Amino acid sequence: MYDQIAKYTNKLIADRSAVHGWVAFAAQDDRLLTSGEPQLARLAGDVLGRLDALGLVAARPSLPFADFIVQRTSADESFIIPRDTETRTFLHDIPFIRSDEFATDGPKLLARLLGNRKGVIVEGVGIVAVGAVTVEQAYINYSSVFHATFVKYLQDLLTGGFLLDGEREAFDGFRNDWLRPLGAEGLRFRSGPLTEPAVILSEVATVGRYTVECGLVDSFFGNISCRSDDMIYISQTAASLDELDGCIDPVPFAATSTTGITASSELAAHRRIYETTDARVILHGHPKFSVVMSMQCEREDCEITDCWRDCPHVRVLGETPVVAGEIGAGGLAKRVPPVIGESGRALVYGHGVFTTGRQDFAEAFQSMVEVENWCRHEYFRRLAER
Amino acid sequence: MYGWTGKILKVDLTTGRIWRESLPVELIHAYLGGRGLGVRLMRGFHTLDPFAPDMPLIFSVGPLCGTAAPTTARLAVVSRSPLTGTICDCSYGGHFPWRLKGAGLDALFITGASSQPVVLSIRGDKAELVPADALWGNTVPETIASLADAGSVAAIGPAGENGVLFANIMMGEGNGSGRGGLGAVMGRKRLKAVVVNGDRTVLIADRQRIEHACHDVMRLFRASPIIFGELGIAEYGTPALVDLVNQRRMVPTENFRRTFFTESRNYSGPAIRREYGTQKGGCYGCPIQCLKMTPRGEYLPEYEALSHFGALNGISNLSAIVRANTICNELGLDAVSAGATLSAWGEGRGRFPTADELPGLLTDIGHRREDGALLALGSRRVAEQLGNPDLSMSVKSLELPAYDPRGAYGMALAYCTSNRGGCHLRAYPLSHEILRKPVATDRFSFSGKARIIKIAEDTNAAVDSLMACTFSFLGATLEEYAELLSATTGFEYSPQSLREIGERTYLTERFYNCANGFSVADDRLPERFYAEPGSSGDGIEVPAIDRARFDEELQKYYRIRGLTPQGTFADPGYLEKSP
């Protein structure tokens with residue numbers, strides 16, 4: 001398992017969700033093993049030893065947002081409920097432990113919370129996440145909590161502003177130093193239309209990797225497909241966008257085979273987009289500013305309470321339409337196709353971005369970059385205005 | 001009491017006595033219901049011969065049955081298997097479970113043997129034994145039709161009456177996917193059927209909380225391509241697996257001599273839909289409705305039956321396979337064991353059954369006549385009588401289902417550690433090794449599999465004690481179901497505490513098996529899997545299983561479980577220390 005631990009330690013550093021040197025994993029087969037920063041590794045081992053699970057990661061996030069959220073939360077609260085779709089669907093809520101609580105009986109309390117949820121924020125320590133069946137799963141859950149706290153903190157700032165000492169300075173550091181410009185410069189895309197299966201598989205894997213490497217999305221958040229004649233080549237469910245070799249399902253356009261049962265949960269959305277537009281490729285990811293801005297609805301006196309599922313309205317951010325719709329069969333596949341045809345881009349409330357290319361991935365990738373850059377710019381504009 | 005009724009109906013078929021008792025609350029909390037409660041209630045009876053009159057036959061629902069919690073209108077039937085000699089539980093849906101709960105019962109505990117065929121009839125608080133001479137000999141559909149006016153029916157067919165070792169108990173509404181021959185236990189008791197009708201509602205501690213948790217579960221179902229995806233089981237039923245398992249080159253073919261069957265496309269999910277224009281059906285209140293029927297109401301085969309009457313016997317004729325499945329439903333036969341036993345017999349005699357021969361052979365099995373007299377004993381005994389025990393592709397005498405272990409090493413291990421014999425559902429490694437849920441694992445590696453299988457066995461034992469459907473967990477997790485249980489019962493449960501209940505259930509089962517002589521010698525795959533490769537191709541290598549590596553992982557598994565290297569308990573007082 002050490003190879004798995006090394007792999008996901010490196011991924012946490014490469015995707016810049018954890019601080020280099022402040023990552024530890026624990027894993028157990030017939031014996032418990034730990035690796036990483038000694039203090040965190042002891043904690044990881046102590047907690048995992050109390051759980052019926054295979055892997056656990058404890059790491060300090062590269063941004064202080066999770067701690068800020070805890071400190072901004074009233075003293076009687078013990079968990080947060082970020083509004084992004086990832087949390088709503090898979091995490092439900094994220095428990096936290098304040099530093100003084102942790103000082104008294106930290107590992108025991110942490111194990112109890114992780115016996116009920118996939119990830120926990122420990123103030124002053126970091127994010128601790130568990131993987132029931134693999135080390136990779138612990139990494140995914142860490143990544144989900146990092147994503148959720150990022151989105152929630154940015155949303156909270158728009159509504160509540162800076163409240164804590166040092167918060168503004170830390171945020172300026174995030175804006176000026178942590179964030180990197182997004183662009184497609186230097187990336188090479190094959191010119192379309194793509195028709196040869198081997199070329200398609202290679203290009204899908206390459207573009208999936210691009211989206212992660214340039215910081216547009218995190219590795220597990222998204223899916224990608226290419227249409228060729230009577231087939232859709234689409235990334236598999238629970239596949240990392242930066243590791244798609246061998247994880248792309250060829251799915252017959254006409255449902256003559258169910259081999260693609262392992263295809264992404266958004267297969268239905270991809271299929272309908274192909275059926276109703278001239279798209280030849282589709283890219284879907286969860287760029288963080290896009291997720292934040294998709295939820296900044298200014299409609300007043302609205303009676304809808306479940307905006308993710310029930311909102312019938314089409315808003316526009318920049319030139320990008322925003323619609324509601326939950327994952328898979330939850331409505332997204334009905335609401336995205338009618339609005340994506342004209343601009344080749346669509347935002348889904350709390351979820352992420354769909355973009356299309358009429359020939360190849362160059363257009364789809366550039367569209368996603370533009371949507372995220374617009375949302376990033378608009379976010380900072382609104383924050384400055386509040 | 002919230003969630004549970006706290007009541008058990010005990011029936012002594014020898015004396016005809018029927019009475020209600022209260023279930024000890026501490027037992028309910030420690031074992032939940034369903035499989036866990038049923039297994040616990042077997043304590044003290046677990047070394048009896050499966051056909052001994054005192055051997056209990058237990059029907060046990062879960063605490064969520066009768067609530068809005070998705071896929072939980074199910075029950076477990078628990079006893080000792082006459083096919084395997086192991087403890088055995090089978091999960092059933094349909095409408096019977098919630099009607100039993102509606103009669104104010106968490107469980108039925110049936111012992112003794114009647115001198116004449118009887119039906120146990122339960123109507124609300126009243127229960128009686130009704131003579132059933134006129135029903136004896138009837139098929140399952142005939143029996144269900146005769147009793148349908150009185151409620152939901154669990155019945156045996158001729159196979160159970162005649163003691164076929166893989167006879168099933170069948171529920172009305174087409175749900176009869178049992179294993180291990182508990183229909184024969186019921187037949188030996190001369191109990192033709194149980195019919196039940198109750199309409200009491202379940203008391204729920206926090207309705208708002210359960211409603212919220214139901215929304216969480218449904219969101220995850222909709223997010224799962226396996227459940228509600230356009231190629232998933234809600235659309236095609238379990239036949240959605242036909243194409244996938246074949247493409248992965250792990251479909252058992254011709255008694256596991258090969259692992260790829262070109263003609264399987266003839267009975268794939270889309271092929272069945274084209275041919276029969278399938279309609280959806282399923283268990284009470286289930287949103288998935290994975291059961292598929294013809295417009296005339298004939299139940300269509302599940303994946304296992306398709307593949308074992310298909311590839312395993314080299315048959316690609318869809319109508320013949322559907323007919324074979326229908327005969328199994330009529331006679332009350334486990335289609336998996338039936339198909340596998342025919343296949344082992346076919347290899348032994350040098351010719352697999354043809355499509356035309358299937359109906360006659362299956363009917364002979366159900367009536368234990370002609371070749372069916374031997375085949376009714378299951379593949380292990382058939383192979384022994386043919387002088388070649390290695391022909392039986394079984395573990396602990398339970399015929400393996402339609403996933404070749406050479407194509408998924410977690411599956412290989414799970415077949416051997418399963419407490420009811422070679423079964424994929426105890427740990428359901430298909431979820432991560434093939435279906436990528438919750439995450440994908442390397443199917444051709446043993447690395448980490450001992451721990452993964454242990455955790456999954458505990459999880460699934462908890463799921464089977466909640467009596468939720470295994471398929472639910474291709475979308476949802478114990479997190480959401482712990483919330484449903486807490487909201488229903490008013491007691492706080494977590495995934496961790498549920499897994500601990502699952503572990504207790506699993507170890508109790510293992511202890512029973514050890515008490516009956518099972519050990520490491522029985523936790524082994526058939527020799528073929530260590531000696532012969534599968535059908536490699538399309539860039540997929542399917543080698544034989546490395547025996548040394550398998551044994552190493554099995555020993556790891558024992559250490560994780562706290563067992564001895566022999567797979568037994570170091571502490572002979574384990575049971576007494578458990579609740």
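These exercises work through a predicted model with chains A and B.

**Exercise 1. The sheet of chain A**

Task: Find the order of the eight strands in the open sheet of chain A, and explain why one side of β10 and of β12 is left without a neighbour.

Solution: 
- Step 1. Read across the open sheet: the order is β10-β9-β8-β11-β15-β14-β13-β12 in chain A. The pairing is mixed.
- Step 2. Look at the edges. β10 (248-252) and β12 (315-317) of chain A stand there, and each has a single partner strand, so one side of each has no neighbour in the sheet.
- Step 3. On average, neighbouring strands are turned by 20° against each other, direction ignored.
- Step 4. Three bridges tie β12(A) to β13 (residues 320-323) of chain A, and the two run antiparallel. In β13(A), T320(A) stands opposite L317(A).

**Exercise 2. Helices on the sheet**

Task: Which strands does helix α8 of chain A touch, and which does helix α9 of chain A lie across?

Solution: 
- Step 1. Start with α8 (residues 197-213) of chain A. It packs on the sheet and touches β8 (222-228), β9 (231-235), β10 and β11 (281-285) of chain A. Its direction makes about 155° with that of β8(A).
- Step 2. Move to α9 (residues 267-276) of chain A. It lies across β8, β9, β10, β11 and β15 (352-357) of chain A. It runs at about 140° to β9(A).
- Step 3. A residue is buried if 20 or more other C-beta atoms lie within 10 Å of its own. Seven of the ten residues of α9(A) are buried, and the helix is mostly covered.
- Step 4. Name them: L267(A), A268(A), A269(A), H270(A), R271(A), I273(A) and Y274(A).

**Exercise 3. Strand β1 of chain B**

Task: Determine whether β1(B) runs parallel or antiparallel to β2(B) and to β6(B).

Solution: 
- Step 1. Six bridges join β1 (residues 7-12) to β2 (residues 17-22) of chain B, and these strands run antiparallel. K7(B) has S22(B) as its bridge partner.
- Step 2. Inspect the turn. β1(B) and β2(B) form a hairpin with four residues between them. There, G16(B) has a positive phi of about 85°.
- Step 3. Turn to β6 (residues 107-111) of chain B. Five bridges join it to β1(B), and the pair runs parallel. L9(B) stands opposite L108(B).

**Exercise 4. The interface**

Task: How many residues of chain B are in contact with chain A, and how do they divide by class?

Solution: 
- Step 1. Count both sides: 43 residues of chain B contact 40 residues of chain A.
- Step 2. Locate the chain B side. Elements giving two or more residues include α7 (207-223), α19 (449-466) and α21 (495-515) of chain B.
- Step 3. Sort by class. The chain B side has 19 nonpolar, eleven polar and 13 charged residues.

Conventions:
Residues numbered from 1 in each chain as written. Chains lettered and ligands numbered in written order. Predicted model: local features only at pLDDT ≥ 70, side-chain atom pairs only at ≥ 80, totals over all residues. Pairing = 2+ DSSP bridges. Axes fitted to C-alpha atoms, helices over the stretch in contact; angles between N-to-C directions. Contact = placed C-beta atoms within 7 Å. Nonpolar A, V, L, I, M, F, W, Y, C, P; charged D, E, K, R; others polar. Buried ≥ 20, exposed ≤ 12 C-beta atoms within 10 Å, placed from the backbone.
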